[in-house]
Amino acid sequence: MQYKKNIITFSRLGEFILQNLNDEPLKPLFSAARNENGWFTEDNVKLAVENIAKIYLNQVALEKFAEKYSISENNKPKKIGIVMAGNIPGVGFHDLLCTVLTGNIALIKLSSSDTATMMFLINKLFELDPSLKDVIRIAQRLNDADALIATGSDNTAKHFEYYFASKPRIIRRNRTSVAVINGNETRSELADLGNDIFQYFGLGCRNVSKLYVPIGYKFDKFYESIEYWSTIRLHHKYNNNYDYNKSIYLVNRVPHLDNGFLILKEDEALVSPISVCFYETYENEAHLAQLLEENAEKIQCTVSTDAKFENSFRFGEAQVPKLEDFADGIDTMEFLMNL
């Protein structure tokens, strides 16, 4: 069956990436991505494609994933318009993967911020299996699409809803991720939380931008545990954001905490500026549950020591979603299978 052939091709792409992470074949990707987007450092692009290879392109995982949905031969493929985000490298790859696995045709509108990474992955797929050129197409306009998968801001979502009102669609809006701290975390766990905050400079919807902490929580241990991320200030774009936000808070006498590279500010909002993490206190578990419930539609995922909350991960796992961890909790495969 075609999907089984495609699984083999995707897994071969994963093998190629993992075999060449530190070798010549991937160097043009790192250079092109950095030139296209100043946030896409070599370390971040390498991390992104390595995670794609390990998690999305593992043959055993792909086969189990496909079996779950009882994929069969698709004799009437639909054209799926995919409007990709560009906040972190290769962020739109999962939608492409799901579309091809279900036997549909992907009409891809790339983000100008993430063309290099996606085209590198797509061109390598074409190299491994030229027949995929029939089902993966780069498009500037999506008028011919039978259905739409779009990721963007709340404002762009309104436009997508208007222009594609008559077509089946998944439209994703602004979301962010939060962490729950109980006060008993080890330094190792808090260090892992640092990864959830700082990976990709905090630009992803799975990056933690808000902490929920018990009343009276002291941040000394937290700050000490994330000190290894201090070199993030060496990146000029991040440092510019840090200096700007710090100066705003100082000039306006806004209470905040600062360790030299991450500002903590008490705030009920979920989405914090780059280099800032908001925090909010909770009285007890019932109060915490209420806060999480009130913001459920805006939370992409929650991280904590025991991952006991809905759509929850352990510290350090926010940016390593599995194949079945669909964005916004909407099952992309089920959507595509039912068209």
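**Ground rules.** I am working on a predicted model, in which local features need pLDDT of at least 70, side-chain atom pairs count only at pLDDT 80 or more, and totals for chains, interfaces and linings use all residues. I number residues from 1 along each chain as its sequence is written, and side-chain values use heavy atoms, with hydrogens and water left out.

**Helix H5.** I took helices (H or I, at least four residues) and strands (E, at least two) as DSSP runs, numbered from the N terminus. H5 covers residues 93–101 and is mostly covered, with nine of its nine residues buried. I used buried for under 20% relative accessible area, exposed for over 50% and partly exposed for in between, with a 1.4 Å probe and protein chains only. The buried residues of H5 include Phe 93, His 94, Asp 95 and Leu 96. Cys 98 and Thr 99 are also among them.

**H1 against H3.** I next checked how helix H1 (residues 2–19) meets helix H3 (residues 42–56): they pack at about 135 degrees, with their axes 8 Å apart. H1 is therefore oblique to H3. Axes here are lines fitted to C-alpha atoms, for helices over the stretch in contact, and angles run from 0 to 180 degrees between N-to-C directions. Angles under 35 degrees count as roughly parallel, over 145 as roughly antiparallel, 65 to 115 as roughly perpendicular, and the rest as oblique. I noted the crossing of H1 and H3 as left-handed; that means the near helix is turned anticlockwise from the far one by less than a right angle, whereas clockwise is right-handed. H1 contributes Gly 14, Ile 17 and Leu 18 to the contact, and H3 contributes Val 49, Glu 50, Ala 53 and Lys 54. Contact means heavy atoms within 4.5 Å. I sorted the residues of this contact into four nonpolar, one polar and two charged. For that sorting, Ala, Val, Leu, Ile, Met, Phe, Trp, Tyr, Cys and Pro count as nonpolar, Asp, Glu, Lys and Arg as charged, and the others, Gly among them, as polar.

**H1 against H6.** The axes of H1 and H6 come within 10 Å and cross at roughly 120 degrees, so the two helices are oblique to each other. The crossing is right-handed. On H1 I listed Thr 9, Phe 10, Arg 12, Leu 13, Phe 16 and Ile 17; on H6, Phe 120, Leu 121, Lys 124, Leu 125 and Leu 128. These divide into eight nonpolar, one polar and two charged.

**Ser 131.** I found Ser 131 in the loop between helix H6 (115–128) and strand S3 (136–138). It counts as partly exposed because its relative accessibility is 33%. Its side chain makes a polar contact of 2.6 Å with that of Asp 129. I took a polar contact as a pair of N or O atoms within 3.5 Å; within protein, one must be able to donate a hydrogen and the other to accept it, and residues adjacent in sequence count only if both atoms are side-chain atoms.

**Ser 111.** This residue is in the loop between strand S2 (105–109) and H6. At 14% relative accessibility, Ser 111 counts as buried. A polar atom of its side chain lies 3.1 Å from the backbone nitrogen of Ser 113.

**Gln 199.** I placed Gln 199 in the loop between helix H8 (187–198) and strand S7 (208–214). Its C-alpha atom is 7.8 Å from that of Gln 319, 120 residues apart along the chain.
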